[in-house]
Structures are given as C-alpha cells and as structure tokens.
Amino acid sequence: MKDCIEHRLTMLANETQSHIISRMVQQIQQQDYKALIPQAVVQKFCNEFQIKPVDLALQCLPIAACYALTPISHFNVGAIAIGISGNFYFGANQEFTAAAMQQTVHAEQSAISHAWIAGEKAIMHMVVNYTPCGHCRQFMNELNTASQLRIHLPHSQNHLLHSYLPDAFGPKDLNIEKVLFDPQIHSIQQHSDDPVVQAVIAGVSQSYAPYSQALSAVALQIGEQIIVGRYAENAAFNPSFLPLQSALNYQRLQGYFNIPVSRIVMAEVKSGLSHKTMTESLAKAYLEQPIEYISL
C-alpha cells in the first residue's frame, strides 16, 4: 500500500485558509516531497510574508505532521529543527506495526536525525506542535547546542531546553567533550568494492557512541539511491536512536517513502552491546526482509 503523505499534503493545501501553508506545500511538491527547506527559500518566504523564521516554522507544523506514520496511536506530531545554517529540517513521529514500542521514532528525534544525516552542524531552535516528552527532552540534551537550544510550541515560544529539563543529566556528567553534531570521525578499516558496503562503513565512522563504543550504521538500497542511517547514543541510554530508524526516517523525509527497500546492510563495531537483534526485528516486522550483517 502506498504511503498517504502526498494525499495528506494535497488535502491540507486544499482545505487550509493559510497562504503560507498552501505555498509551502507547493514548494515541497516541487522538491519531490523532500522535507528540507533551504535557508534561501526560508528567507524568501519570510520576506514575502513579513515574518521571522521561527514564526514561519510554527505555521508549517501541520505540514511536518503530514509525514507522521501512526498506525497505532493515530496521533500525529510534527517538528521542525532549525539549523545554524538557517535550513528547516522537518520531522514526524513514526510507529511500526508488529514491532516493539521501543522501536518508535519521536518527532523531535526525527527532525534532529534528519538534520544530522543531512550534514547540519548545529540545531538552534526546535519547533514542535506538542510539548516534548521526557524522552525527547533527554535526547535533545545530547546536542552540542543543548545549553542554547530554544523550544517553540504553538502556545508557548522561546524557552530554553533546560527550562523543560532542569538539573539535567547529560554528556558532561560522564566527561564527554565531543557530543552529538560535533564531528565524529572514527578510523574504520574495511575494504569493499560494493557501494552499499562502502556507504555503511562510512556511516559507522561518523556514528556517535561515546558511552558504549558500539559504533553502527545501516544502509538501505532504495532504487538507485543508497540511504545511510547512523547510531546516535544518549547519556541516559534509552533515548538513543538506532541506525535502522535513522535510515528509515531519512528515506521518508527525503521523499522516497513509496520506493521499496531492496537491500538492508548493517555494520557495527564489536563492543559490550549489539543492535543486531533489534535491527533484525524491525527489518522483519516492517520491511519483511533479512539484513546483511558486517561485524567490524
């Protein structure tokens, strides 16, 4: 069954009274449903409608929520991460039928991972249509801008993350200096002429696992495209974001949601823990496919 993102966006554009929403939907359709709005386009909209970027993002939250996948809760959350570049990175919550609840993607995680995989250097603002849950507050505390990050909701804007997460536990408590969105370059040696394997090894080298050293990544073959997701660990462990979720999220937000996955390759560094079982479980439940596994 085809995903309903295109239909949702078309219905939203047809039913809205907002010129901003209808214009932004047109922009996304012109981008083949890629849910990243470059800074130049953001500035163009801000100039045209005489609003600030955060206010534009607040107006666009119904668009972000169209990317949600919620067969269990039927509760769509949309988020937009605004990078230091000025780019808008959309995100939405995602649930996977027949998979464990722990495999769920939260909207803030979705937007942040989207930005990270796209190469953004830092997140300055998180705009979301519902108050962030504790899981997401802890996840955002891992960012290199955690002390400066501003949270904006439809009913309440411009609050620091730490007003939502006072006396927070995070990377500094564990003496971690290079945190999420800081450059992560790990020397991984594995020769292959297979472009999917090359891509997944490169993903492992850029993954973030300062607590367990369980560096890992997943590459998806989608038509002629290769999508790579990377592991993003968290000081509180449970909010960590697994590599298959990262890859599926990026596939969705790049507009490839109706192109089937033909191959799944996972690679991880041997350590005290492994993401193999969780990855196999979700791949079987959601994609009905086995994974190819590389132990480094």
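Two strands are taken to pair if DSSP finds at least two bridges between them, where strands (E, at least two residues) and helices (H or I, at least four) are DSSP runs numbered from the N terminus. The model is predicted, so local features need pLDDT of at least 70 and side-chain atom pairs count only at pLDDT 80 or more, while totals for chains, interfaces and linings use all residues. Residues are numbered from 1 along each chain as its sequence is written, and side-chain values use heavy atoms, with hydrogens and water left out.

By this criterion, strand E2 (residues 78-83) and strand E4 (residues 123-128) pair in the antiparallel sense over five bridges. Isoleucine 82 stands opposite histidine 125 in E4. Both strands belong to an open sheet of six strands with mixed pairing, in the order E1-E3-E2-E4-E5-E6. Its edges are strand E1 (36-37) and strand E6 (156-160), each of which pairs on one side only.

Helix H6 (residues 107-118) packs on this sheet, touching E1, E2, strand E3 (88-92) and E4; contact here means heavy atoms within 4.5 Å. The direction of H6 makes about 140° with that of E3; axes are lines fitted to C-alpha atoms, for helices over the stretch in contact, and angles run from 0 to 180 degrees between N-to-C directions. Of the 12 residues of H6, 11 are buried, so the helix is largely enclosed by the rest of the structure. Buried means under 20% relative accessible area, exposed over 50% and partly exposed in between, with a 1.4 Å probe and protein chains only. Among the buried residues are Glu108, His114 and Trp116. Glycine 119, with a positive phi near 100°, follows H6.

The loop between E3 and H6 contains glutamine 103, which is buried at a relative accessible area of 1%. Apart from neighbours within four places in sequence, glutamine 103 is in contact with Phe96, Leu242, Gln245, Met278, Ser281 and Leu282.

Helix H10 (residues 243-253) and helix H11 (residues 276-287) pack at an angle of about 35°, their axes lying 9 Å apart. H10 contributes Leu244, Gln245 and Leu248 to the contact, and H11 contributes Thr279, Leu282, Ala283, Tyr286 and Leu287.

A further antiparallel pair consists of strand E7 (residues 216-222) and strand E8 (residues 225-230), joined by six bridges. Alanine 219 stands opposite valine 228 in E8. The hairpin of E7 and E8 has two residues between the strands, and glycine 223 takes a positive phi near 60° there.
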